[in-house]
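This report goes through selected features of the structure shown below.

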Amino acid sequence: MAALSLLDWALDGLLALLLLWLAWRTLSTPALFQAVVLFIGFGLVLALVWARLYALDVALAEMAIGAGVTGALLLAALVRLEPPIGRGRHPARDDEQDDNG
Amino acid sequence: MPPDLIGPDWQGSGWMLASVFVPLAGALLGFLLPRLAAAMGLVTAVLTAAATLALTLDVMAGGPARTLLGGWAAPLGILWRADGLSVALMAMTATVGVMVSLYAAAYFRAAAHERVFFWPLWLLLWASLNALFLSADLFNLYITLELLGFAAVSLTALGGGAAALTGAIRYLLVSVLGSLSYLLGVALLYHACGTVDIALAAACIADAPRPAMQAATGAMIAGLLLKTALFPFHFWLPPAHGSAPAPVSAVLSALVVKASFYLVLRLWLDLLGGGAGAGGGRWLAELLGVLGTGAVIWGSVLALRQERLKLLLAYSTVAQIGYLFMAFPLAVAGSAVAWTGALYLALAHGLAKAAMFMSAGSLLRFGGHDRIAELDSAVHRLPLTLTAFALAGVSIMGLPPSGGFIGKWLLLEEAFRQGRFGLAAAMLLGGALAAAYVFKVVGHAFTPAERERRVRAIPKAMEWSALLLAVAAIVLGLTLPLISPLLQVGGASAAAGGAA
Amino acid sequence: MTQPVFWGLVGMALVVMGLYALIVHAHLLRKVLALNVMSSGVFLVFIGLARRAPVEGSAPAVDPVPQAMVLTGIVVAVAATGLALALIVRLRSLTGRTFLGGDKGD
Amino acid sequence: MAEPPNKDGGGRRTVPDRTKTPGSVPAHRALPAAARALLALLMLGLFGGLAMAVLSLSEPAPGLAAAVAEHLAASGVDHPVTAVLLNFRGYDTLLEMVVLLLALVGVWSVGRARGCAGHAPGPLLRQLPRLLAPLMVLVAGYLLWVGAHAPGGAFQAGSLLGGVGILLCLSGQPLPRWADGPVLRLAALLGVAVFALLGVAVVLLPDGAPLAWPPALAKHLILTIELAAMLSIGVILAALFTGGRP
């Protein structure tokens, strides 16, 4: 394969860094709602990566299923995991109770 | 690239197709028409078993058969291959499957919710087992593994309680992790070889870059060991198997765990050439042997210490899986007899453990609990169930003339012949411990009742199906000449793989 | 290092990160997220490496087979997520717990 | 390169545990710092091994791109990914549809759906589906159609339909009565049923094999299957979102 141009490398590097950073934040941020939102962002960046790798089918599916439906499932689950007494338009602010190690 | 990707033959084995698509159709109909689910399930079970029997006879008479799915040959399409190994496990699945279906029809008779969902899930599980045993395509095997895992998890959760849910969730996490690890291996293999067909990949493995191959096989086998619950990856098994409804426990212990063992064996024999091809093969076999030894001892000791019958049986499963892996170091030294022994043990354990879990379910239903210490006088009220339990116990202990005896005997003989006294000692110790835990249960069952307990009647179908399976486990020991040609894997299967 | 190898390495990093988080975190939702990140990593390995140079000059550079497999994998992953979340929500409403009980070790 | 996240006490706050039921065990047993460090090291080693494996792969990549291109003409579609998904490796796709259906049966067996998201939708969410749903259905149909020769296909289209279902659910619109019982189940299993029935039926053709589409019919068979699959995927994803049986 012909050598990639510097621009290509810069773009790849940027996307990869963004992807890894989002993944890390998803897995380590204390608030679950933020984690889920970050995960959706992760899915969208991943879709960009698929597009860069000439996998447009996968990019579409990642956007629709990986980020979209999975994100919706996670958000819905988050709402359902809310304590029933908690009043909340913002299920979000519920700090993860198990992550205080 | 071979010139004729469209293969000339799909060699008429409609039975292969039936053994996967009949349970699938039964599951769909059962899901669509919940009222008829149980009746449809029983009919489907019988039909599936018949198809499996026909396929078994075909393979016994005509040798390995194959099907090109989609009409495309190997690198592009997906192949089914039925050889002795697959057919033996499918036949065991069918035997257990019919009996479990009979048992479950009675067990869930009063439980509307469980009945509606048990049948589709169980039939899908059966279909995915058969699909797994037939598939000769590594990526397709990944999907069947996931199918199997999801069906098993959903069935576990059918118990409904907190314990069952916790067990099911842990099982799901472990199962998905194992599948992902396996898939990672498949991805590396695909990029090294450009194919996911087992036979074609086996041909390329010698030339492929070593680190990639080692990582690929390592990831695949590690994922499968996790799913097989080989010590020390067994932590998830007892909670799941111990808290599921009885017919489900029977299926999980007898069949589902065997599927991933089968896959390890299949990869070992057909992909890695019996450990001879890959450089680290011998080392890996020894490692599996050590883990197997650990599983036998650790599982047996923990089984002995359990106070609840179903947990005892679950730990016994952990131990019995260990024996299967002790065959690896014995077989890598060049002996296919060890495989015959391990497979015999796998089949016998499938039949016997299903019978034991079904008996345990009857006892649980009968007395309302499964605390071993309070099983007194069960023998007078449920003689058939206790007989089933004891007979199955004979096979688990490895006493003649059971199937368990033959398997263990072959392994022991091989261990002595090769001078592997450590392995032999572990097998004997495991047998003694198994005797101890079986007698612990049977002994309590024979003690006279201290006081009257409230009990519930047990449908006859539940007692008889367990008994028939236990008898099958014993009879298996008498049919060595009939079955052993099927289990001649190892040296023979490489040749068969080349031919196919 | 070429572009495919680069993305293969990124995929492996995601796998390892997911595995670490799966083991470390107790909250079940976090474990589900970890498994999802891990599976994305596996998919990235699968597709990223497929973009290595074609065998022959004339052959197309994009191999559709890994793409099809990853599409399958994405659907399997969403199915697993749906099932896991339903079980977790159920566990939460039965027991109030969102983590696995202490019956783990032995 | 990325190394596994080592927690540096970011989450080291003690949050009052609102959800604890009386008498429950302490919420978790987080790993001690030493164990985490050890685990991180282990992961680093694992990454090293996997990276070596990736680096060792030879550069001219073996693959099936050429084989797919060669037989694309006989597959009934022009887009290679769709050809692999629905013809060359169609059996994988069938099983994958079964996986989705199985997940749905599993979710339904766990419990009942309890509404969509817990609270009443705002005005925006109530109006959104009216605007968006027809558009999304249209795009889904386009994706399905275009999948025969360009990126797109049943999965992407189906997940868009699933999105429509999720939006409708969130907007609090009651489903029509008929969408509850048998019809919903039928829609969920239609994809698998059509795929499997056609796959078995083609065996009866001369020279038939399971799931082997004759080139003359392939285009239509694949479109039929994709249509059914799209519908089922949409229904199943939306039903998974509601989190239980209706």
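## Val110(D)

In this predicted model, Val110(D) counts as buried because it has 23 C-beta neighbours inside 10 Å, and 20 or more are needed for that label. Val110(D) sits in helix H4 of chain D, which covers residues 90-110.

Neighbours within four places in sequence aside, the contacts of Val110(D) are Ala157(B), Ala86(C), Leu87(C), Arg90(C) and Gly244(D). Glu59(D) stands 51 residues from Val110(D) in sequence, and their C-alpha atoms are 48 Å apart.

## The largest nonpolar core

Leu87(C), one of the contacts of Val110(D), is also among the residues with the most contacts inside the largest nonpolar core, together with Leu351(B) and Ala355(B). This core has 391 residues. The element that gives the most to this core is helix H6 of chain B (residues 162-193), with 21 residues. From chain D, the core draws at least three residues from each of domain 1 (31-57) and domain 2 (77-242).

Leu351(B) has contacts beyond its neighbours within four places in sequence: Met92(B), Thr95(B), Val96(B), Gly403(B), Leu469(B), Ala472(B), Ala473(B) and Leu476(B).

## Ala445(B)

Ala445(B) belongs to helix H17 of chain B, residues 421-446. Ala445(B) has 23 C-beta neighbours inside 10 Å and therefore counts as buried.

Leaving out neighbours within four places in sequence, Ala445(B) is in contact with Leu375(B), Ala378(B), Val379(B) and Leu386(B). For Ala445(B) and Leu375(B), a sequence separation of 70 residues goes with a C-alpha to C-alpha distance of 5.0 Å.

## Helix H6 of chain D

Helix H6 of chain D runs over residues 154-170 and has 17 residues. From its first C-alpha to its last, the helix reaches 24 Å, close to the 24 Å expected at 1.5 Å a residue.

Of the 17 residues of H6(D), 15 are buried, so the helix is largely enclosed by the rest of the structure. Gly172(D), with a positive phi near 80°, follows H6(D).

## Chain C

Chain C contains 3 helices and 0 strands, in the pattern α-α-α along the sequence. The chain has 106 residues, and 75% of them count as buried.

Among the contacts in chain C with a separation of 6 or more, 59% join residues 24 or more positions apart. Two residues of chain C, Ala86(C) and Leu87(C), are among the contacts of Val110(D).

Note on methods. Residues numbered from 1 in each chain as written. Chains lettered and ligands numbered in written order. Predicted model: local features only at pLDDT ≥ 70, side-chain atom pairs only at ≥ 80, totals over all residues. Core = buried A, V, L, I, M, F, W, Y, C linked by C-beta atoms within 7 Å. Buried ≥ 20, exposed ≤ 12 C-beta atoms within 10 Å, placed from the backbone. Helix = DSSP H or I, 4+ residues; strand = E, 2+ residues; numbered from the N terminus. Domains from an automatic or database assignment. Contact = placed C-beta atoms within 7 Å. Expected span 1.5 Å × (residues − 1).
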